[in-house]
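Take a walk through this fold, one piece at a time. Keep the model open as you read.

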Amino acid sequence: MSAILVASNRGPVSFTLSEDGSLSMRRGGGGLVSGLSEVAKDLNVLWVCAALSDGDRGAVRLAPGGRLDQAGYDTGALRMLDIPPATFHRAYNAVANSTLWFVHHLLYDIPNRPHFDARFRREWESYQSYNEAFAMALAEEAPHGARVMVQDYHLSLAPAMLRGERPDLRVAHFSHTPWAPPEYFNLLPDDVATELLEGILGADHAGFLTARWGGAFMDCCETVLGARVDREERTITHAGRTTRIGTHSLGVDGKALWTRASEPDVESHMAALRAQVGDRRLIVRIDRTELSKNIVRGLVAYKQFLAAHPEWHGRVTHLAFAYPSRHDLPEYREYTAAVQRCAEEIEDEYATEDWDPLILNVDDDYPRSLAAYRLADVLLVNPIRDGMNLVAKEGPILSPHSALVLSREAGAAAELGEHALTVNPYDVSATAAALHEGLTMPSDERARRGVLLAAAATALPPHRWFAEQLEALG
């Protein structure tokens, strides 16, 4: 039995069910998975995750107790939970992604949403059941005194539930998102807000990507729970227990990233992109079509840049990779459509027979993204609000000659902001000016900043990030 366990909604692998009924396995998606996968294998961590698809559920049902590693799959130690699809949908889509994500990223259209009614209460019960399934699985799998690392806003209740089952365990919770300030967090029903905070306080150690997000959590605990908060010691005492608050800024394994970015498929994409754009300068963005990523304002800023600087017409191209995200939610479908409409407006106004000012691609392709990083002259990362943003860290590693235009609301700004061109993500004019500044920055200044950005981006790679949290648990 593993003495270290990780729990997260998404796991290190996913399964696809073919027409003939066979199952094929591939690596799971998302930044959390990429950051943790190698660490988990190296440390012999048992990973507990949810089955997300029919293919996943098919694999789980063929595995004893959901242990895929014991069913012949090369997954590392892995238990996948077959949570009823309706329960999963309500917990994941209705609560985690349509409520908690919106709260922590300050995304609500306040005059119209949210409204917490009887339907939400049913959804909240599913979120509780989902968290309980994880807590029970962890309680079953963990040997005495094991350390358990619970990940993210999907599992905010699990630490307290697990504490109730197994007080012998050392439990950490890590938030990969921002944390809302009290005045926004208080949009939630009072009992829900209390349960979320007390859920995380069931952990011995609560980790955040920046001191800012950890500070917001402490503010919420003080305001909502009346907890005793020691900001100097970074502890919260509530209901007879003390939880320590840690800041662990997830970085990038630069060597591994370069190794992957040097493979033939990436080189092939670089050649294809260069043939497509010629010797033009490149402004690059790589995002999911996620509301918080602020893609539309980024495109409007590029359009304003073109209007203000006709000397760049025909000399620059914007590669905008906006990969699909959460299309089962109507807000995301509309946002994707808005991105596409804005792109068409730029094309209609500025494109010529021999110049495409914008190349928008919505098909997820990791090797092509790596190729775009390597070719970038300017990297645009302008989220409304972001826990960290690994794109801002990967880009300077693969393109040390590029300028980084970075939102001050990205968690990465705490480390990279001094060496980036930092912008207010709502200020389209300032973002347009930053794009121009990035393109015209002298090469020696780019190189100077690039060295500093890459050093900051690799300061705490996944292995060290994980080890810091294990050490904090004792």
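In this predicted model, Leu406 stands opposite Thr422 in strand E17. Strand E16 covers residues 403-407. Three bridges join E16 to E17, and the two strands run parallel.

Now widen the view. E16 and E17 belong to an open sheet of six strands. Read across it and the order is E14-E13-E12-E15-E16-E17. The pairing is parallel. From one strand to the next, the twist averages 15 degrees.

Which strands stand at the edges? They are E14 (358-361) and E17 (421-423). Each has a single partner strand, so one side of each is left without a neighbour in the sheet.

Next, look for a helix on this sheet. Helix H16, residues 428-440, lies across E12 (281-288), E13 (316-323), E15 (378-381), E16 and E17. H16 runs at about 175 degrees to E17.

Now move to a pair of helices. Two packed helices are described by the angle between their axes and the distance between the axes. Here the pair is H3 (residues 85-104) and H4 (residues 118-141). Their axes come within 8 Å and cross at roughly 110 degrees. Angles of 65 to 115 degrees count as roughly perpendicular, so H3 is roughly perpendicular to H4.

Which residues meet there? On the H3 side they include Phe88, Ala91, Val95 and Leu100. On the H4 side they include Phe120, Trp124, Tyr127 and Tyr130. Charged residues take part too, among them Arg90 in H3 and Glu123 in H4.

Notes:
Residues are numbered from 1 along each chain as its sequence is written. This is a predicted model: local features need pLDDT of at least 70, side-chain atom pairs count only at pLDDT 80 or more; totals for chains, interfaces and linings use all residues. Side-chain values use heavy atoms; hydrogens and water are left out. Axes are lines fitted to C-alpha atoms, for helices over the stretch in contact, and angles run from 0 to 180 degrees between N-to-C directions. Helices (H or I, at least four residues) and strands (E, at least two) are DSSP runs, numbered from the N terminus. Angles under 35 degrees count as roughly parallel, over 145 as roughly antiparallel, 65 to 115 as roughly perpendicular and the rest as oblique. Contact means heavy atoms within 4.5 Å. Two strands pair if DSSP finds at least two bridges between them.
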